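Here is a walk through one protein model, taken piece by piece. Keep the 3D view open and follow along.

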Amino acid sequence: NVPQQDSLFVERQRKAGVIIMGKSNVPEFGMGSQTFNAVFGPSFNPYDITKTCGGSTGGGAIALACGMAPLVDGSDMAGSLRNPGSFNNVVGLRPSPGRVPSVTGKFAWSGGLSTSGPMARTVSDCALLLSIQAGPDSRSPLSIMESPEQFAKPLDRSMKGVKVAFVKDIGLPFEKEVKDSFEAQGKVFESLGCIVEEAEPDMTDANECFVGFRHWQYENQYGDTLEANSDKMNDYVKWHVAEGRKLTGPYMSRLEAKRSALFRRMQVFLEKYEFIIMPVSQVLPFDVRTPYPTEIAGVKMLTYLDWMRSAYYISAVGNPAMSVPAGFSKGGLPIGIQIVGRYNFDFSVLQMGFAFEQATKVGEKRPGVVG
């Protein structure tokens, strides 16, 4: 498929002089954080080619890790910029909704579940790309009316006295090595002068809200296509469309009320803390032949989405969130950390990500020769 026109953020990148190399591999319809499809097959993690690179911006994350490209753009609904960032030891930022406006989406007034944003090898490069992608557009009613020039400014900032909430588990299972790596990062934030407290926002209804609105959106987006191409579309699409068609108006109105309450609880929580620190992914990069993890720490995963809750819970509330390299497993697999900021405070998330990156230097470890 060769599009007839550029999306808004690609158009902005061209005008800024960005040299566009091409498209990178993604899962079919961008669904799932495991990059495989019937056209090109799977993409492999450059730190261990028997493992997945994550997704949906999996091919882009590989290009960054291997030095094939310095900057990558993508979108994030369930973690598509953050999960591959974590799995490939690079940086992925999910901006606040409206920071990079959507001007072609069917739901102009109901956006926010999916956002476009940058990936890069460093936080500074991520900020540079965002300075080009971001900025208001009159075709998007949710545009953030702020100049994108702020993201081109230096990211240095003292973090002394900044209060951060260090999450325990928000009720989710995690693989032991992921949990151990995460818990070890508390001392890094303390070394930056942060006041680190174990605390968690109330994420009641986050799962129902995310999954319900995803069904609703995907039924609208792919329902008509599925009618004419059922034999060509995967089970993920069929599931979303089928579930989307079960939804009723009264149910969706109540779900919107739940999501609104969830959003407000999160913003009240972040009046006390400037940042929430939590894992990006609940698992390490897994076998590339496995579509998705079916169990985490003895807990069954019921759908292809379940294992991504640590990322998509944040998508449900819409706060900006960044994946920054944090460590490696005993087997040499990358593990990222997730920095969540106040609503629309994307620049402060970049500042904290930069401070963490400079303190650890984990992102400087590139993969060896692959093949």
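Phe-107, Ser-110, Leu-113, Phe-213, Trp-216, Gln-217 and Arg-259 line the largest cavity. A word on terms: on a 1 Å grid over the protein atoms alone, a cavity is a set of points where a 1.4 Å probe fits but cannot get out, while a pocket is an open set with protein on both sides within 12 Å along at least five of seven lines; a lining residue has an atom within 4 Å of a point. This is a predicted model, where local features need pLDDT of at least 70 and side-chain atom pairs count only at pLDDT 80 or more, though totals for chains, interfaces and linings use all residues. Residues are numbered from 1 along each chain as its sequence is written, and side-chain values use heavy atoms, with hydrogens and water left out.

Back to that cavity. The space inside comes to about 40 Å³, where a volume is the space filled by probe spheres set on the grid points, which are joined across faces, edges and corners. Helix H7 (residues 206–228) supplies the largest share of the lining, 3 residues; helices (H or I, at least four residues) and strands (E, at least two) are DSSP runs, numbered from the N terminus. By class, the lining has 4 nonpolar residues, 2 polar and 1 charged. Here Ala, Val, Leu, Ile, Met, Phe, Trp, Tyr, Cys and Pro count as nonpolar, Asp, Glu, Lys and Arg as charged, and the others, Gly among them, as polar. How many cavities of 30 Å³ or more are there? The count is 3.

Arg-259 turns up again in the second largest pocket, where it lies nearest the centre along with Gly-111, Gly-112, Glu-256 and Tyr-343, out of 18 lining residues. H9 gives the most, with 4 residues. The volume of this pocket is about 390 Å³, and its lining splits into 10 nonpolar, 6 polar and 2 charged residues.

Now for the charges. The whole structure holds 19 salt bridges, each one a side-chain nitrogen of Lys or Arg within 4 Å of a carboxyl oxygen of Asp or Glu. Here are a few of them.

| Salt bridge | N to O distance |
|---|---|
| Lys-15 and Glu-11 | 3.6 Å |
| Glu-183 and Lys-179 | 3.8 Å |
| Lys-300 and Glu-295 | 3.2 Å |

Salt bridges with shared partners also join Asp-76, Arg-82 and Arg-94 into one network.

Take the Lys-15 pair from the table. Both Lys-15 and Glu-11 sit in helix H1, 4 residues apart, about one turn of the helix. Lys-15 is exposed at a relative accessible area of 70%, while Glu-11 is partly exposed at 32%; buried means under 20% relative accessible area, exposed over 50%, and partly exposed in between (1.4 Å probe, protein chains only). Glu-183 and Lys-179 are likewise 4 residues apart, in helix H5 (residues 176–183), so about one helical turn separates them. Glu-183 is partly exposed, at 46%. As for the Lys-300 pair, Lys-300 is exposed at 56%, and Glu-295 is partly exposed at 41%. Glu-11 and Glu-183 are 172 residues apart in sequence, and 41 Å apart in space from C-alpha to C-alpha.

What about a charge without a salt bridge? Glu-357 is buried and has none, and its nearest side chain of opposite charge, Lys-361, is 7.3 Å away. For that search Lys and Arg count as positive and Asp and Glu as negative, with His and the chain ends not counted. Glu-357 belongs to helix H11 (residues 346–360), and its side chain makes a polar contact with the side chain of Gln-358 at 3.2 Å. A polar contact is a pair of N or O atoms within 3.5 Å; within protein, one must be able to donate a hydrogen and the other to accept it, and residues adjacent in sequence count only if both atoms are side-chain atoms.

Finally, the backbone. Most residues other than glycine have a negative phi, and most peptide bonds are trans. Phe-29 is not a glycine, yet its phi is positive, at about 60 degrees. This residue, Phe-29, lies in the loop between H1 and strand S1 (44–45). Asp-205 also has a positive phi, near 80 degrees, and its place is the loop between strand S7 (195–198) and H7. The peptide bond from Gly-55 to Ser-56 is cis, with omega near 10 degrees. Ser-56 is found in the loop between strand S2 (48–52) and helix H2 (58–65).
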